[in-house]
Amino acid sequence: MAELNKLNKIIKPIKDDLVLFKDHFAFALKSDVKLINVISDYLIKSNGKGIRPIVMIFVSKLCGKTTKNTYKAAAMVELLHLATLIHDDVVDKSEKRRGFPTIHKIWGNKTAVIMGDFILSQVLKNLISLRDFEALDLISSTAKRLSSGEMLQIEGSIKKTMTEKKYIKMIKDKTASLMSTSTKLGAITAYAEDEFKKASFEFGENLGIAFQIKDDLLDILGSSYKTGKDTNADVTSSMITLPMIYVLEKEISSNSKSLINKALSKKASKKQIIDLKKIISEEGGINYAENKLKYYTKLAISCLDVMPNNEYKNSLIEIANYNVIRNR
């Protein structure tokens, strides 16, 4: 509750802006097909904190002013993210997303895939209304980065060759690209100068990396009640995260390495998963990831140095620091 109150306090200055964003988001999900509208209403109800629209609006105000295109662009980015999540949940056979049953769990795989496709079509349909080639180019390149990041992750889980360098590249594309796109779009739609656009993009990229590292830690340390998904979801789906990469790159006992490999090949029992968490913690994986989280958070904040000092800049800094302490 204290964490939620903190976030609500941070976003209080843009409450009215978020209402306008939600209107654009809901409108883009509307259809003449009843089932699509039923699923859309469910998606809106189960939507997350909406950090990307929040940072986009704050950046736009920091760079000048929020425009109608800011709300439209925020809706397009969230729709793009939503479509990839729906498809990911089908592929990963995930049963929960943000504490709610996934679309495929309720309506089946076929309906979920088609719903994801519908949302992607809505992104394409609504993009043209921005009438801004720089924004169009950024969003289209982000779609490509998302796919590349997903394939890098799959490749790493198959070959078991994920290094920290590859991991950072992967999460830049898979996760941070949406954040950096959001922050840069905030600057673009506010008609900011190039220096501010560059700084906004770099802030978002580093903030996105920090968010993913935090998720890695929550996957090991959190609970399904707090995170809205099963703890160790990435471990049991053979996805290699930063705490595990650190341990795998160390000289550890053959028994420990065998246990980790079994977990990655989906052969680990519940007891072995518990033992795996213990190994990662004892070998320094948790501490290492926490230090990296702090590093990328500081790096993100430093990218705002060129920006004016005002309440909106302070809010972006607070969001970066909020990520470090969040528990879901």
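**Reading helix pairs and cores**

Student: At what angle do the axes of helix α2 and helix α4 cross?

Tutor: The axes of α2 (residues 15-28) and α4 (residues 51-63) cross at roughly 125° and come within 10 Å. Helices here are DSSP runs (H or I, at least four residues; strands are E, at least two), numbered from the N terminus. Axes are lines fitted to C-alpha atoms over the stretch in contact, with angles from 0 to 180 degrees between N-to-C directions. Keep in mind that this is a predicted model, where local features need pLDDT of at least 70 and side-chain atom pairs count only at pLDDT 80 or more, while totals for chains, interfaces and linings use all residues. Residues are numbered from 1 along each chain as its sequence is written, and side-chain values use heavy atoms, with hydrogens and water left out.

Student: Which word describes how α2 and α4 lie to each other?

Tutor: Under 35 degrees is roughly parallel, over 145 roughly antiparallel, 65 to 115 roughly perpendicular, and the rest oblique. So α2 and α4 are oblique to each other.

Student: Which residues of α2 and α4 meet?

Tutor: Contact means heavy atoms within 4.5 Å. From α2, D17, L18 and F21 meet P53, I54, I57 and K61 of α4. Five of the residues in this contact are nonpolar, two are charged and none is polar.

Student: What is the angle between α16 and α17?

Tutor: It's about 175°, with the axes of α16 (residues 285-302) and α17 (residues 311-325) 10 Å apart. These two are therefore roughly antiparallel to each other. L293, T297 and I301 of α16 meet I317, A320, N321, N323 and V324 of α17. That contact has five nonpolar residues, three polar and no charged.

Student: Which residues touch the most other members of the largest nonpolar core?

Tutor: In soluble globular proteins, nonpolar side chains tend to be buried together. A nonpolar core is a set of buried Ala, Val, Leu, Ile, Met, Phe, Trp, Tyr and Cys residues joined through side-chain atoms within 4.5 Å. In the 67-residue core here, I51, I119 and L185 touch the most other members. Helix α5 (residues 68-92) gives the most to this core, twelve residues. Leaving out residues up to four places away in sequence, I119 touches L29, L43, L79, L82, A83 and I86. A second, separate core has 28 residues, including Y167, L217, I220 and I273.

How values were computed:
Buried < 20%, exposed > 50% of the residue type's maximum accessible area, 1.4 Å probe, protein only. Nonpolar A, V, L, I, M, F, W, Y, C, P; charged D, E, K, R; others polar.
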